[in-house]
Amino acid sequence: MLKGIVLKIPSDDTIVEAVQIFVEKIGLTAGVNEEDVTGLSIAVMEVVKNAMEHGNGGDPRKLVTIYVDVYSGRLQFIIDDCGSWQPDADLGHEPGEGEALINSRGRGVLIARNLARWLDYGLNPEGKTRATLIWPLS
Amino acid sequence: MKIKEEIKDGVMVIRLSGKVISGPDLMDLKSVFQSAVSKATGNVLLDLGHVAWMDSSGLGVLVSGHTSLAREGGRMAILNATKKIHELFIITKLVTIFETFNDESEAIESLKE
């Protein structure tokens with residue numbers, strides 16, 4: 001069983017594709033089926049991109065840390081950044097209408113929540129933003 | 001992601017395949033949209049029939065292309081969105097700003113007007 005995997009990455013969006021491949025490999029190893037594994041990786045990447053942009057301000061010197069653990073029937077990703085942003089306040093989850101819809105931010109959170117269905121934001125022990133995404137394993 | 005362009009009855013048809021997600025490929029798609037706007041090609045039909053996945057960055061590029069075209073009086077419509085991609089448009093409410101078609105002839109007929 002996969003336990004205690006930790007990946008630290010700079011807040012640089014050129015690395016996102018490589019991380020997505022990493023998440024897909026982890027997912028397949030954990031038992032996520034091939035049809036769903038891209039959905040998993042997109043959900044995780046949406047959270048990682050938000051951590052890079054909103055938590056770390058896109059500063060490559062600031063790291064995003066991804067913790068991966070497999071439990072019975074569940075694959076857990078914890079994503080920590082170095083910021084103290086508030087996802088609901090800073091992004092919102094309501095796309096709005098008209099111009100607000102076109103200009104809206106927060107599509108990534110909406111997509112991640114819909115794909116993973118279990119995504120919570122909170123704080124890590126240092127008081128920085130922590131996202132926890134749990135993917136069910138059949 | 002692969003991008004193919006063709007003009008049909010005066011409508012620019014852009015066919016995408018693969019994953020429309022964050023990465024250098026998205027810059028190519030932005031350039032195609034910019035080119036469509038600068039050449040005043042007119043209306044654009046975006047065929048997503050072979051797109052496996054799209055993320056928020058991909059959607060952002062589509063919205064940006066749609067907005068730029070609309071400013072110049074053009075329209076952008078979506079053709080053949082798969083169930084997964086259509087769900088993304090519903091979740092993000094973007095289904096309310098894009099015209100969608102499942103029949104290419106019907107889409108071309110509508111856009112060439």
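In what order do the elements of chain A run from the N terminus on?

## Chain A at a glance

From the N terminus on, the order is β-α-α-β-β-α-α-α-β-β. That gives chain A five helices and five strands, where helices (H or I, at least four residues) and strands (E, at least two) are DSSP runs numbered from the N terminus. This is a predicted model, in which local features need pLDDT of at least 70 and side-chain atom pairs count only at pLDDT 80 or more, while totals for chains, interfaces and linings use all residues. Residues are numbered from 1 along each chain as its sequence is written, chains are lettered from A and ligands numbered from 1 in the order in which they are written, and side-chain values use heavy atoms, with hydrogens and water left out.

Of the 138 residues of chain A, 52% count as buried (under 20% relative accessible area; exposed is over 50%, partly exposed in between, with a 1.4 Å probe and protein chains only). Chain A exposes about 6,700 Å², and carbon and sulfur atoms supply 50% of that. Take the contacts (heavy atoms within 4.5 Å) in chain A with a separation of 6 or more: 62% of them come from residues 24 or more positions apart.

## Where two helices cross

Helix α5 of chain A (residues 107–116) meets helix α2 of chain B (residues 56–71), with axes that come within 9 Å and cross at roughly 135 degrees. That makes α5(A) oblique to α2(B); angles under 35 degrees count as roughly parallel, over 145 as roughly antiparallel, 65 to 115 as roughly perpendicular and the rest as oblique.

Which residues do the touching? On the α5(A) side they are Arg107(A), Gly108(A) and Ile111(A), and on the α2(B) side Ser56(B), Leu59(B), Gly60(B) and Val63(B). By class, that contact has three nonpolar, three polar and one charged residues.

## Gly55 of chain A

Gly55(A) sits in helix α2 of chain A (residues 34–55). Its relative accessibility is 10%, so Gly55(A) counts as buried. Leaving out residues up to four places away in sequence, Gly55(A) touches Asn50(A), Asp81(A), Cys82(A), Gly83(A) and Trp85(A). The C-alpha atoms of Gly55(A) and Arg130(A) are 9.6 Å apart, though 75 residues separate the two along the chain.

Most residues other than glycine have a negative phi. Asn80(B) has a positive phi of about 60 degrees, and Lys93(B) has one of about 65 degrees.

Asn80(B) is in the loop between β4 (76–79) and α3 (83–91), and is partly exposed at 28% relative accessible area. Lys93(B) is in the loop between α3 and β5 (99–101), and is partly exposed at 24%.

Terms used. Accessible areas come from the Shrake-Rupley method with a 1.4 Å probe; for residues, only the protein chains shown count as cover. Axes are lines fitted to C-alpha atoms, for helices over the stretch in contact, and angles run from 0 to 180 degrees between N-to-C directions. Ala, Val, Leu, Ile, Met, Phe, Trp, Tyr, Cys and Pro count as nonpolar, Asp, Glu, Lys and Arg as charged, and the others, Gly among them, as polar.
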